[in-house]
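Please open the model in a viewer and keep the selection tool at hand.

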Amino acid sequence: MKTLEFDVAVIGAGSAGLSAYRAAKAHGKSAVLIESGPYGTTCARVGCMPSKLLIAAAEAAHAIAEAPGFGVHAGGLRIDGKAVMQRVKSERDRFVGFVVKGVENIDSAERLRGHARFIAVDCLQIDDHTQVKAERIVIAAGSSPQIPKELRDLGEHLIVNDDVFAWDDLPESVAVIGTGVIGLELGQALHRLGVRVAIFGRGGKVAQLSDETVNQTAVDCLGAELDLRLNTTLVGVKLVNQQVELHTRSDEGIERIEHFQYVLAATGRTPNIAGLGLEMTGLQLNEHGLPLFNPLTMQCGDSAIFIAGDVDNDRPLLHEATDEGRIAGDNAARFPNVVEGLRRVGLGIAFTDPQIATVGQTHRSLKKDHFQTGGVSFADQGRSRVMLQNRGLLRVYAERGSHRFLGAEMIGPRAEHLAHLLAWACQNQMTVDQMLEMPFYHPVIEEGVRTALRDLKENLVKQVSAIEHCADCTPGV
């Protein structure tokens, strides 16, 4: 049994862990990176990048199918599933290779393979071969797909998003359980690539939307193309002749029995805290067994233990994981003189078609009666109609009184770009008037943002009494 000593130990070599390690090293501290799984980050191996590769192939197929709407006829559509998956895996491996190369450039003395668990507040056991003593420790162990118990007996016919990117060919049929970002993105992509897909959700929400009006628009837009089964309960699931037999019941009491080649569980992710030995740390844990932490410092209580990335179950997105890792590593190196780090305005995007996005404060998080709403439908928005992508709705929110822009929820064409513009405005605490002073070209999708902001401004002004709003009605006039 070896015993090693470092200033900082980082559990996990994903996006958050790598960021934490580099931040600690920037302070001149000795640090070690501990990883039990493959190098390459969740994003590069089984998340952001391979999913966008699959979506890109689906968009190409969809463009051909939509071409007759422009008077363009390309002939019969043929999808080569093996070629689709070959490109997905080839490009995915290229992205993973860049990450792995970066990890392998780290001094081998500061990289350990194996599962880490706490045996004391300042000591980790790595498998059965090494003990690491460290004054400060960063937990960046990531997360894993959550599997509903009713699906666990399906064997190889049960898949998660990780498994999709190991396929050599496209399957005949897939039932997607879950209407979050992963379920919708993969479900729509597979549908457009010729796979028979049904998407099931227990509730009536899609993606990360909390604004009821935007959510209903999203349901209408996606439901017009996809077999989208919301408010549906799984009554029974079993294997029959190498097919999954799915027995479901809608909220109207309609029952259906169908067969699929695979069931894709897209029901969320679970923090990788099992076996970490958190009970040995003395940290205060919540009802899910996660340490309580400060999201601005990533410090757990007042201890020398910090947490970052998907494992904290706060904002499970790559850019957030990277920021959290940097803050955690920086404060681990500074301990006990921890400081608040930069947390950016919330930004979430689902790469469906139309795309779905949220910015800043969502409708759910806004204080009742403290905000006003504006909106625009993309049905008649100029550039959207030009591109035959005139579907969706943008809703923007601002604070009453100050008129400060607070956030937005949307489904619409190129929402990824609209969301970035709005996120920048939100982070800079701009008012609606300041945003309307910005340039807008013609004809562009962004003109829809201006329309929504004008509607928002009008609604804000309506909330002010005529006397208060009248600039000339001042004392002495």
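## Stop 1

Select Asp-323 and Arg-326: they are three residues apart in helix α8 (residues 318-334), so about one helical turn separates them. Helices (H or I, at least four residues) and strands (E, at least two) are DSSP runs, numbered from the N terminus. The model is predicted, so local features need pLDDT of at least 70 and side-chain atom pairs count only at pLDDT 80 or more, while totals for chains, interfaces and linings use all residues. Residues are numbered from 1 along each chain as its sequence is written, and side-chain values use heavy atoms, with hydrogens and water left out.

The side chains of Asp-323 and Arg-326 meet in a salt bridge, at 3.4 Å from N to O. The term denotes a side-chain nitrogen of Lys or Arg within 4 Å of a carboxyl oxygen of Asp or Glu. Asp-323 is buried, with a relative accessible area of 4%, whereas Arg-326 is partly exposed at 32%. Buried means under 20% relative accessible area, exposed over 50%, and partly exposed in between (1.4 Å probe, protein chains only).

Next, select Glu-324 and Arg-343, whose side chains form a salt bridge of 3.0 Å, N to O. Glu-324 belongs to helix α8 and Arg-343 to the loop between α8 and β18 (347-350), so this pair ties together parts that are 19 residues apart in sequence. Both Arg-343 and Glu-324 are buried.

## Stop 2

By the same rule, the count comes to 27 salt bridges. One of them is formed by Glu-258 and Arg-229, whose closest N and O atoms are 2.7 Å apart. This pair links distant parts of the chain, with Glu-258 in strand β14 (residues 255-260) and Arg-229 in strand β11 (residues 228-229), 29 residues apart. Are these two residues, Glu-258 and Arg-229, buried or exposed? Both are buried.

## Stop 3: the second largest pocket

Now display the second largest pocket, which has a volume of about 500 Å³. Of the 21 residues that line this pocket, the closest to its centre are His-62, Arg-192, Asp-353, Met-387 and Gln-389. A pocket is defined on a 1 Å grid over the protein atoms alone, as an open set of points where a 1.4 Å probe fits, with protein on both sides within 12 Å along at least five of seven lines; lining residues have an atom within 4 Å of a point. The volume is the space filled by probe spheres set on the points, which are joined across faces, edges and corners.

Colour α3 (48-66) and α10 (415-427), each of which supplies at least two residues of the lining. The largest share, four residues, comes from α3. By class, the lining has seven nonpolar, seven polar and seven charged residues. In this scheme Ala, Val, Leu, Ile, Met, Phe, Trp, Tyr, Cys and Pro count as nonpolar, Asp, Glu, Lys and Arg as charged, and the others, Gly among them, as polar.

## Stop 4: cis peptide bonds and positive phi

Pro-354 is found in the loop between β18 and β19 (355-360). Move on to His-442 and Pro-443, where the peptide bond is also cis, with omega near -5°. Pro-443 lies in the loop between α11 (432-436) and α12 (447-462).

For the backbone angle phi, select Asp-127, which has a positive value of about 45° although it is not a glycine. Asp-127 lies in the loop between β5 (123-126) and β6 (130-139) and is partly exposed, at 39% relative accessibility. Asn-313, another residue other than glycine, has a positive phi near 60°. Asn-313 is placed in the loop between β17 (305-307) and α8, and its relative accessible area of 44% makes it partly exposed.

## Stop 5: a distance across the model

Finally, select Ser-90 in helix α4. Ser-90 is partly exposed, at 44% relative accessibility. The C-alpha atoms of Ser-90 and Ser-303 are separated by 44 Å, the two residues being 213 residues apart along the chain.
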